[in-house]
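Me: I'm new to reading protein structures. Can you walk me through this one, starting with how strands come together?

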Amino acid sequence: MKTIPTNTQERSGKLPRREFLRLTAVSGAFLAVGCSPGVGGDSKITTIDPAGGSDISLNQFVVINTNGRVLLYNHRPEMGQGTFQAIPMILAEELEVDVEQIEILPSAADEKRYGSQMVVGSRSIQTEYANLRNMGAAAREMLKQAAANRWQVEVSECKASLGEIIHNSGKKLTYGELVEEASKQTPPESPPLKAPADFKVIGQSTARRDIPVKTNGSAVYGLDIQVPGMLYASVERSPVFLGKVISFNDEKAKAVPGVKAVVKTQRNVWGHTREGVAVVADNYWAANQGRKALEVKWDSGGLENNSSATILKKYKVDAANEGVSLAEAGNVSSVGGEGKVVEAAYETPYQSHVCMEPMNATVSIKDGKAEFWGSTQNPNGIRSQLARQLNIDPENVAINYTFMGGGFGRRSMTDVAEEAADISLQVGAPVKVVWTREDDLTQGPFRAASLNVCRGKVAGGKVVTLEHKVVAQEIQNQTSDKMEAGRQLMGGINTEYEIPNFRISGVLQKHYVPITYWRAVYHTTNCFAHESFIDELAIAAGKDPLDFRLDMLKSHPRYTKVLQTLAEKTNWYAPKEEGVGRGVSILERSGAFTGMVIEAKKENGKVKPVKITTVVDVGICVNPDTVRAQTEGSIVMGLTATFKSGIRLENGAVAQSNFHDYNMLVFEECPPCETYILQNEEKPEGAGESGLANVAPSLCNAIFDLTGVRVRKLPLDLGAIG
């Protein structure tokens, strides 16, 4: 399996025919079918003339050569989400080939051709499913027609199977034998697609092709990149956010063998300039040793009195504001009469992404051109960033993206590449910048901290009014003082509940602490508050929490099915085992509907989750094994955020520095997980974050069921619950 072409021209997306043939390893005839203009637009099936002119436009496309080899150019990076297996599975289904027959290769970074190539929000399968099926079906029909023409029979007498066209009489031709004739045909505009009931590949669990290369060490990550003449840089940055360099002494750093230069550098983080001093050497060890020998004086950035406590204090003061209405129905202020009013506020901290592969970027600036190598969720963004930064045309920026050792949203930022470009420009050589674990934990960006304030009223066993106010920073709203809270802030708040009077509002916070996307984003903070509060309302109404939700979602068949299945799989209505608490929550994220029940016990004076049952509806499930893995990976991350970790700020800086004081979940802390995937024919939805946001409310609801203690602040201390 190839992992990354490193030749600039190969990644440019527009190749002379000779280069196209070399790259695709086809000789002479081939069948190339693609989509134009590509993902994000009104796609149209196109073909590439194998005898064509000098410029062959490579969009999202598949090539079949005379040996029957199938190449699929994928324009989205793989960060562990499983698309390198799921995407060829979709193509294989309609093309009628064995999925192992398809070789998947990364394509160029080119937003004009492919649309956004950023991998966030679990969108890869959602956005590519239709195009991949249409490309596969079009190629299949062209091959069938070619066979029918050769045999002088009706095309209806031919069928495709495992890379062959078979006539009713039993005679066969391979795809490779037919590509030359097929390539001369006009592709069908609307090729017939299979009914889901006829799927043979989609819906089957298949082993991911990227796992062997990731386990035997042959996969290429950003950290593995080596380019001729490359130097390494380690950057000392202010421990205090916004701290500026007053002065630095590099005498001892330059005395370290291997150190070539010491330069001041900077990067822009959401409108704030972050300064650093880079030690550049011919190996990473020397660069890091030189960095330790640096003597840098920083100012405090005026943040010496800032901490998590002062931020939360401001949040609580600002929570008194009405906020911007983000969603509204009925009139929450007009409800009087009998009933019980419930009020609660929930707090969540900043969270670090802590990707296993440290942040890194390699950039070369030479002769008015730039080239990037590295692990990124945002190849288009890096291309645009480098073009702006260097004031050059984007056509002069080449992007080579690799596998990622975790992303979780952190690698959607372009800041590390900006830093590498700045240093490369100063030293006149390709430069790889590597962040240490300490850099990653102390510099951010992070998931936003939040305060969620809820107020509701129940009467007659039902919710008659619900107000949910979110007080937090907003990712796309960190640079301008004129902007107000936007709908991004309300992620994870269920608007499908049938509540006659409700209002969701946002109170925007502006801070020096940088934030960005964190797996499942605001769903992880808001759902903790919302689904915990729904539980509080259910208790106040004297209702079973699961039935309480079912009653408010009775007009939503998918939520209803998830909840009913969850009740069945957990024996919800059977008498509980003594000493066991159960908590339930439900959520929609990226189109997927997820319900979760966590069971908790108290052992040796400490509460612990003992079983997690999840039911997920992602529509058509391409690869159940991947969906199950993503769900259970999300659970592990959710457990970590619920009772293990949280960024703490003191004196304008992060108080933690590494895994010794920013703890992660360990094996023995993870309870058994059961994941059930519902089967239906709804369009595929995102599965990459399913389950993460359910963990905190399900566990906290289970703790209340077990102990009567309501948890409203994360991370919680499992040993401190009464």
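Reply: Two strands pair if DSSP finds at least two bridges between them; strands (E, at least two residues) and helices (H or I, at least four) are DSSP runs, numbered from the N terminus. This is a predicted model: local features need pLDDT of at least 70, side-chain atom pairs count only at pLDDT 80 or more, and totals for chains, interfaces and linings use all residues. Residues are numbered from 1 along each chain as its sequence is written, and side-chain values use heavy atoms, leaving out hydrogens and water.

Me: In what order do the 4 strands of the open sheet sit?

Reply: The order is E25-E26-E27-E30, with mixed pairing. E25 (580–589) and E30 (673–677) are at the edges with a single partner strand each, so one side of each has no neighbour in the sheet.

Me: How many bridges join E26 to E27?

Reply: There are 11, between residues 592–603 and residues 606–617, and the two strands run antiparallel. Take Gly595: its bridge partner in E27 is Val615.

Me: Is H16 mostly covered or uncovered?

Reply: Buried means under 20% relative accessible area, exposed over 50%, partly exposed in between (1.4 Å probe, protein chains only). H16 is mostly covered, with 14 of its 20 residues buried.
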